[in-house]
Amino acid sequence: MTTNTPTSPTPRNTPGHPLLTTPFTARTDAREVIEGVDLAGRRAVVTGGASGLGAETVRALAEAGAEVTVATRRPETGAPLLRELAAVDGAGPVHTAPLDLSDLTSVDAFVRDWRGPLDILVANAGVMALPERTLTPQGWEKQLATNHLGHFALATGLHPHLREAGSARIVVVSSGAHLSAPFDFDDPHFERRPYDPWAAYGQSKSAGVLLTVGARRWAADGITANALNPGYVLTNLQRHLDDDTMRAFGVMDDEGNVTPLPYYKTPAQGAATSVLLAASPLLEGVTGRYFEDNQEAPTVTDENPTGGVAAHAVDPEAADRLWEYATRTLRTP
């Protein structure tokens, strides 16, 4: 991100075209993917940026010189991170701002308060596997509201500021859970079908990928959007999982001690792909794609895939349909 000149975003690869590759690996950390990149003068928003992957994303962007706003439900939780980065020589200024993605009034307030251009929007905040169907003040299923509708409202609300930047990037943190859960246009809020925590989570993550595909309509504004799977990382995201589930995942022993498995990443490694998409020159002009382990992932149609991006999550028609659905939903009192 070295220029404000609008680019012509490169559309998602069609079959037969090579996938975008980088020199980085699954074990590369967030600082390493943008080593040497100067983000001075750039402005970023990272939702859920006070802890976990979000905090590591904030660290990497700020240490590269960007001005970063940590958008979080409880701004006071970001105080330690702000103190830490204030002591880092050359780091950009870091602020906190209140944002509850599950409450549209909070999203609207954040958008109203924003002033000036926005170069980077990292849709990182999320909630996973709520054990019971929970509704927001707007009557939306909470995982879909937080993980997608709130971020959609934020992105569309901030669109004029992203456009003002001239060459802005949107980064959506998705999950491999999207692979088994297409967006259900007939019953997105589980009003008729039985509520399933993982189906709700996976659907919300498919929606996030579809947002980046639908954002191709902003290409002429110099705005690119890409999604990613950060991989397996132990963070606060697992806070709603009970002990039996954690043991089934193999990350908790009989005494309740939590230990990552060998293939799990550290938070800094998990945030690397977010930072790559947000600020690496390698992604200049690239849009509508899905990455994992710092590489573009192939589209998969297998019945039980173990990686890649599901065809249902990168379907342009579904993306446009979801964009229209989300727009109508946000307008409904």
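Mentor: Happy to. In β5 (168-173), A168, I170 and V172 point one way while R169, V171 and V173 point the other way, and all of them are buried. Buried here means under 20% relative accessible area, against over 50% for exposed and partly exposed in between, with a 1.4 Å probe and protein chains only. Six of the six residues of β5 are buried, so the strand counts as mostly covered.

A word on the ground rules: this is a predicted model, in which local features need pLDDT of at least 70, side-chain atom pairs count only at pLDDT 80 or more, and totals for chains, interfaces and linings use all residues. Residues are numbered from 1 along each chain as its sequence is written, and side-chain values use heavy atoms, leaving out hydrogens and water. Helices (H or I, at least four residues) and strands (E, at least two) are DSSP runs numbered from the N terminus.

Now the neighbours of β5. On one hand, β4 and β5 run parallel and are joined by four bridges; V122 has V171 in β5 as its bridge partner. On the other, β5 runs parallel to strand β6 (residues 223-229), with six bridges between them, and V173 is partnered by L228 in β6. To get from β5 to β6 the chain passes through helix α6 (residues 197-214), and this β-α-β crossover is right-handed. Right-handed means that, with the strands pointing away from the viewer, the path from the first strand over the helix to the second runs clockwise.

Stepping back, β5 belongs to an open sheet of eight strands in the order β3-β2-β1-β4-β5-β6-β7-β8, with mixed pairing. Its edge strands, β3 (94-98) and β8 (295-296), each pair on one side only. Two strands pair if DSSP finds at least two bridges between them. Helix α4 (residues 142-157) packs on this sheet and touches β1 (43-47), β4 (120-123) and β5, its direction making about 170° with that of β4. Contact means heavy atoms within 4.5 Å; the angle is taken between N-to-C directions on a scale from 0 to 180 degrees, using lines fitted to C-alpha atoms, for helices over the stretch in contact.

Five bridges link β2 to β1, and the two run parallel, with R43 opposite E67 in β2. β2 also pairs with β3 in the parallel sense over five bridges, where V68 has V94 as its bridge partner. Two right-handed β-α-β units sit here: β1, α1 and β2 make one, and β2, helix α2 (residues 79-86) and β3 make the other.

Finally, the whole chain. Its mean pLDDT (the predictor's confidence in each residue, from 0 to 100) is 89, and 86% of residues reach 70 or more. Residues 1-16 have pLDDT below 50, yet beyond near neighbours in sequence this stretch has 54 contacts in the model. Buried residues make up 55% of the 333 in the chain.
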